[in-house]
Amino acid sequence: MAKQLDKFKNVLSHAKEYGYVFQSSEIYEGLSAVYDYAQNGVELKKNIREYWWKAMVQMNENIVGLDSAIFMHPKVWKASGHVDAFNDPLIDNKDSKKRYRADVLIEDYVAKLDAKIEKEVKKATKRFGDAFDKAEFLATNGRVIGYKEKGAAILKRMGQSLEKEDLADVKALIEELEIACPLSGSKNWTDVKQFNLMFGTKLGASAESAMDLYLRPETAQGIFVNFLNVQKSGRMKIPFGIAQTGKAFRNEIVARQFIFRMREFEQMEMQFFIKPGTQKEWYEHWKEARMKWHMSLGMGEDNYRFHDHDKLAHYADAAADIEFRFPFGFKELEGIHSRTDFDLKAHEEHSGKKLQYFDHEENKSYVPYVLETSIGLDRMFLAVFSNSLQEEELENGTTRTVLKLPAVLAPTKAAILPLVKKDGLPEIARKILEDLQWDFNVAYDEKDAVGRRYRRADANGTPFCITVDHDTLEDNMVTIRHRDTMEQQRVKISELKDIIAQEVSFKKWLAKM
Ligand code: GAP
């Protein structure tokens with residue numbers, strides 16, 4: 001646990017030191033759970049967004065994009081259920097006066113059981129060596145089974161109690177598990193109460209005429225209210241999808257863990273409109289497709305798992321999370337939700353407009369069912385960034401800090417380094433820069449010894465360094481150094497563009513899906 005915390009601290013300080021993420025309004029002591037993306041962060045974020053967009057929109061003939069407004073008519077949120085049901089169950093500790101999400105306290109308790117299982121696995125791996133069969137151990141070890149069953153029973157009870165709005169039972173569960181306030185250590189809790197997460201604002205010139213609005217808490221509703229507009233103008237046939245990326249806002253009470261849970265964040269969502277009755281097969285399809293997208297980035301199969309929901313949101317008949325192993329444990333990264341016809345029907349009712357599709361094959365109209373995939377861009381950023389940040393022991397006994405970002409996502413693809421600041425080497429390096437920058441984000445660096453410049457590029461996540469030396473003057477060749485292996489290759493300047501393109505192309509990475 002201490003190691004995990006250290007790792008997380010390193011992630012935070014590295015993100016700041018290397019120009020990835022800054023606290024918002026830092027000179028005014030910051031604004032809690034609001035962050036700014038700096039010069040490298042904005043590039044990484046853009047590349048993740050593009051990686052998603054290409055996989056979802058460009059590579060699927062039947063999925064199109066949308067960019068709907070953040071402000072929407074207030075009736076949208078009444079119809080969607082957010083006004084009445086977009087709540088978090090909150091509980092206060094009477095001694096520390098600190099407010100918590102009751103479900104998060106319980107989930108953290110279960111996460112500790114998961115950590116105990118991992119400890120058992122580690123111990124057994126050491127004990128049995130090569131003969132260790134992890135799957136068999138997990139299925140048969142008494143202690144592991146006990147932890148698993150206990151965790152599952154707790155989550156099931158919590159899910160059922162929240163579903164029934166039985167907040168007294170949620171409090172009873174916290175008391176039975178003897179969960180203490182992490183700050184005061186006391187178990188002196190208030191009752192659990194619901195708290196709406198939407199931010200309110202006003203539209204209009206005067207106080208009397210102003211209209212109460214909400215900042216959207218999800219991008220999905222912009223897709224639902226445009227469903228027929230897109231279907232008709234694009235002559236879309238079911239099944240088809242509409243995708244969008246954009247800001248969402250939630251007044252999160254437990255706002256911690258850096259950019260994992262923010263008050264202003266960005267979502268990448270896709271609503272897939274389908275024939276009623278086919279939702280099960282499409283649910284399985286999108287679970288698999290989205291997991292493959294994650295796998296294509298090569299961040300380790302063991303770092304992902306599915307979590308099927310016991311507690312379903314007000315709109316869903318099935319839901320699963322793709323969880324990722326963040327530095328603070330496995331947590332939700334993406335949701336796949338079978339949303340039925342809840343949203344379109346609710347918008348029909350509240351707007352008085354028909355939102356139906358005429359199916360020529362079936363010769364009838366119906367309200368489509370919807371399969372949703374929804375991932376937080378900032379959360380994906382944290383997954384990629386934290387997984388890539390590594391301390392490596394080198395053969396010569398030294399260590400290096402390296403940010404092994406997947407090359408396709410790296411903000412800067414190559415750093416161009418003249419070995420010395422004289423003898424015509426900077427001029428050649430600048431010429432290479434000017435040539436490559438038509439196709440890639442590249443940087444020029446001539447300060448310090450070349451070894452230090454390599455380390456700087458490693459820590460920055462730059463996959464290639466290109467060094468111009470005195471031999472270059474004779475043979476028009478340069479040294480290309482690969483960040484992850486530190487291998488160096490002598491190549492012709494004229495080949496550089498193809499070598500880099502090959503390694504950073506979206507096609508190369510997405511083709512792994
Ligand atoms: N339209 C469905 C929806 O919004 P959600 O599970 O509430 O579902 C989807 O959110 C994804 O959005 C989550 O899996 C997470 O990646 C991201 N997300 C949600 N709340 C967030 C927050 N406060 N900060 C950062 N990301 C968040």
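**Surface, ligand and salt bridges**

Reply: Phe71, Leu203 and Met211 make a nonpolar surface patch of about 260 Å². Patch residues have over 30% relative accessible area and no salt bridge; like charges are joined within 9 Å, nonpolar side chains (Val, Leu, Ile, Met, Phe, Trp, Tyr) within 5 Å. Areas come from the Shrake-Rupley method with a 1.4 Å probe, and for residues only the protein chains shown count as cover. This is a predicted model: local features need pLDDT of at least 70, side-chain atom pairs count only at pLDDT 80 or more, and totals for chains, interfaces and linings use all residues. Residues are numbered from 1 along each chain as its sequence is written, and side-chain values use heavy atoms, without hydrogens and water.

Me: Is Lys54 buried or exposed?

Reply: Lys54 sits in helix α2 (residues 39–58). Helices (H or I, at least four residues) and strands (E, at least two) are DSSP runs, numbered from the N terminus. Buried means under 20% relative accessible area, exposed over 50%, partly exposed in between (1.4 Å probe, protein chains only). At a relative accessible area of 18%, Lys54 is buried.

Me: Which backbone lies 2.8 Å from a nitrogen atom of the ligand?

Reply: A polar side-chain atom of Arg250 lies 2.8 Å from a ligand oxygen atom. A polar backbone atom of Gly376 is 2.9 Å from an oxygen atom of the ligand. For the nitrogen atom at 2.8 Å, the polar backbone atom belongs to Met262.

Me: Which element gives the most residues to the shell around the ligand?

Reply: The shell has 22 residues (a heavy atom within 4 Å of the ligand). Elements giving two or more residues are β10 (264–274), β13 (329–340) and β16 (369–376). The top contributor, with six residues, is β13.

Me: How far apart in sequence are the parts that Arg290 and Glu334 tie together?

Reply: The two form a salt bridge, with the closest N and O atoms 2.7 Å apart. A salt bridge is a side-chain nitrogen of Lys or Arg within 4 Å of a carboxyl oxygen of Asp or Glu. Both residues are buried. Arg290 lies in helix α11 (residues 279–296) and Glu334 in strand β13, so the pair ties together parts separated in sequence by 44 residues.

Me: How many residues separate Glu118 and Arg325?

Reply: Glu118 and Arg325 form a salt bridge, with the closest N and O atoms 3.1 Å apart. Glu118 is in helix α5 (residues 102–128) and Arg325 in strand β12 (residues 318–326), a separation of 207 residues.

Terms used: Polar contact = N/O pair within 3.5 Å; in protein donor to acceptor, adjacent residues only side chain to side chain.
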